[in-house]
Amino acid sequence: MNIIALLLTLGVGLFMIVGATIVFVLKNNEKIVSLSISMAFGVTIALVFAELIPEAFELMENSNRIITVLIVLVFSCLGIVILKCLDLLIPHHEHNHKDKHGDLENLEHIGLVSSIALVIHNIIEGMALYGTALSSMSLGLMVCIGIGLHNIPMGLVIASTFYKSNKSISKTLFITTIISLSTFLGGVVMFVLNNSVMNNFILGMLICITLGMIIYIALFELLPKMLCSKDKKTTILGTSLGILILFISSLF
């Protein structure tokens with residue numbers, strides 16, 4: 001199970017490479033991004049209520065119900081705060097598209113700062129995903145799908161920024177691959193520490209942090225983009241598919 005959990009952390013990072021590939025292969029980027037965002041939203045919202053919340057309460061179960069609720073809330077809020085702090089380091093890439101000529105040095109700076117933030121973000125995410133998969137492999141797989149779909153547009157944005165500054169497909173894909181592997185690095189850290197630190201409380205804590213991260217991704221990253229999308233049919237279709245994916249996954 002440890003190896004499979006580790007492979008999930010590798011797999012979730014590879015979704016970012018899919019997003020980077022879209023930049024160079026597909027012409028209708030916006031439709032693909034809109035579909036992946038709405039699918040990720042459907043998966044994550046269903047995941048929160050159907051799987052993560054019940055699992056968090058089960059692992060954190062205490063004789064005092066109020067204490068259990070407080071522990072779940074505290075660590076879930078910690079997950080939200082972690083992502084919020086890391087996202088503050090990531091510039092808003094959309095603002096740079098207004099200048100078609102672009103400032104190469106500025107683009108390189110944006111890419112560098114974004115990469116550092118994403119690496120830290122992904123390492124923590126990989127650690128949380130690994131712990132979630134150890135607690136429940138099916139839940140870990142669903143978290144992997146949800147975060148992975150969210151990573152597709154993220155990979156697209158990162159690849160676009162780097163490609164505009166270096167004009168090299170191979171270099172851009174290499175940088176994106178390195179960033180994507182940071183999730184796997186988080187899994188490796190947990191794999192190494194597994195025997196010495198893992199118990200029900202630690203697993204529960206990691207699932208609560210994952211819960212907070214998933215809520216943050218759904219409400220503060222995915223939902224605003226969906227509301228701004230002009231392609232409402234794709235948004236509805238993607239959300240429905242996301243919920244269906246989670247429902248089918250929960251049957252296995």
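The side chain of Ser-76 reaches the backbone oxygen of Cys-208 at 3.4 Å, a polar contact being a pair of N or O atoms within 3.5 Å, where within protein one must be able to donate a hydrogen and the other to accept it, and residues adjacent in sequence count only if both atoms are side-chain atoms. This is a predicted model, in which local features need pLDDT of at least 70 and side-chain atom pairs count only at pLDDT 80 or more, while totals for chains, interfaces and linings use all residues. Residues are numbered from 1 along each chain as its sequence is written, and side-chain values use heavy atoms, with hydrogens and water left out.

- Ser-76 is placed in helix H3 (residues 65-87), helices being DSSP runs of H or I with at least four residues, numbered from the N terminus.
- Ser-76 counts as buried at 8% relative accessibility, where buried means under 20% relative accessible area, exposed over 50% and partly exposed in between (1.4 Å probe, protein chains only).
- Leaving aside residues up to four places away in sequence, Ser-76 touches Cys-208, Leu-211 and Gly-212, contact meaning heavy atoms within 4.5 Å.

**Aromatic pairs**
- The whole structure holds 2 aromatic pairs, counted when ring centres of Phe, Tyr or Trp (its six-membered ring) lie within 6.5 Å, with planes under 30 degrees apart stacked, over 60 edge-to-face and the rest tilted.
- The rings of Phe-75 and Phe-201 have centres 6.0 Å apart and planes at 80°, so this pair is edge-to-face.
- Because Phe-75 lies in helix H3 and Phe-201 in helix H7 (residues 200-228), the pair ties together parts 126 residues apart in sequence.
- Phe-75 is buried, with a relative accessible area of 17%, whereas Phe-201 is partly exposed at 42%.

Methods: Helices (H or I, at least four residues) and strands (E, at least two) are DSSP runs, numbered from the N terminus.
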